[in-house]
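Here is a short tour of the model you have open. Keep the 3D view at hand and follow along from the overall picture to the sheet.

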Amino acid sequence: MSGKVLDANQQPLVGVAVLVDGTTKGVTTSENGTFKIQVPSGEAVLQVTCLGYLPQKVTVPSSRNSITIYLQEDAINILSKTVSGMLGDLTRLMAETGEP
């Protein structure tokens with residue numbers, strides 16, 4: 001099976017983990033968001049995960065040879081990383097300047 005993983009703006013996502021549920025078979029997407037993976041005969045479930053995006057489980061019928069998967073940004077996760085980064089920067093600045 002082949003596929004492509006895109007964001008909400010239809011931009012390809014690089015390095016997305018695509019795993020066949022219940023197995024150790026997995027691949028990551030290429031620079032253009034594409035992947036190829038062996039799936040068992042019959043219906044398969046793909047687990048799709050990427051840092052900064054909500055994980056998805058996608059059911060793929062045996063009649064499909066290709067699929068396009070759209071991931072949505074994980075706004076809460078992104079916000080918490082941004083706040084953490086900003087607090088780290090503020091802490092370093094305070095340490096360098098001696099300001100409380």
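## Contacts and surface

Among the contacts in the protein with a separation of 6 or more, 43% are made by residues 24 or more positions apart; a contact here means heavy atoms within 4.5 Å. Please keep in mind that this is a predicted model, where local features need pLDDT of at least 70, side-chain atom pairs count only at pLDDT 80 or more, and totals for chains, interfaces and linings use all residues. Residues are numbered from 1 along each chain as its sequence is written, and side-chain values use heavy atoms, with hydrogens and water left out.

Of the protein's 100 residues, 25% count as buried (under 20% relative accessible area, with a 1.4 Å probe and protein chains only). The accessible surface is about 6600 Å², and carbon and sulfur atoms hold 54% of that surface (areas from the Shrake-Rupley method with a 1.4 Å probe).

## Order of the elements

Along the sequence they follow the pattern β-β-β-β-β-β-β-α.

Three strands form an open sheet in the order 4-1-7, with mixed pairing; two strands pair if DSSP finds at least two bridges between them. Strand 4 (34-36) and strand 7 (66-70) are at the edges with a single partner strand each, so one side of each has no neighbour in the sheet.

Strand 1 (residues 2-6) pairs with strand 4 in the antiparallel sense over three bridges. To find this pairing in your view, look for Ser 2, whose bridge partner in strand 4 is Lys 36.

Technical notes: Helices (H or I, at least four residues) and strands (E, at least two) are DSSP runs, numbered from the N terminus. Buried means under 20% relative accessible area, exposed over 50%, partly exposed in between (1.4 Å probe, protein chains only).
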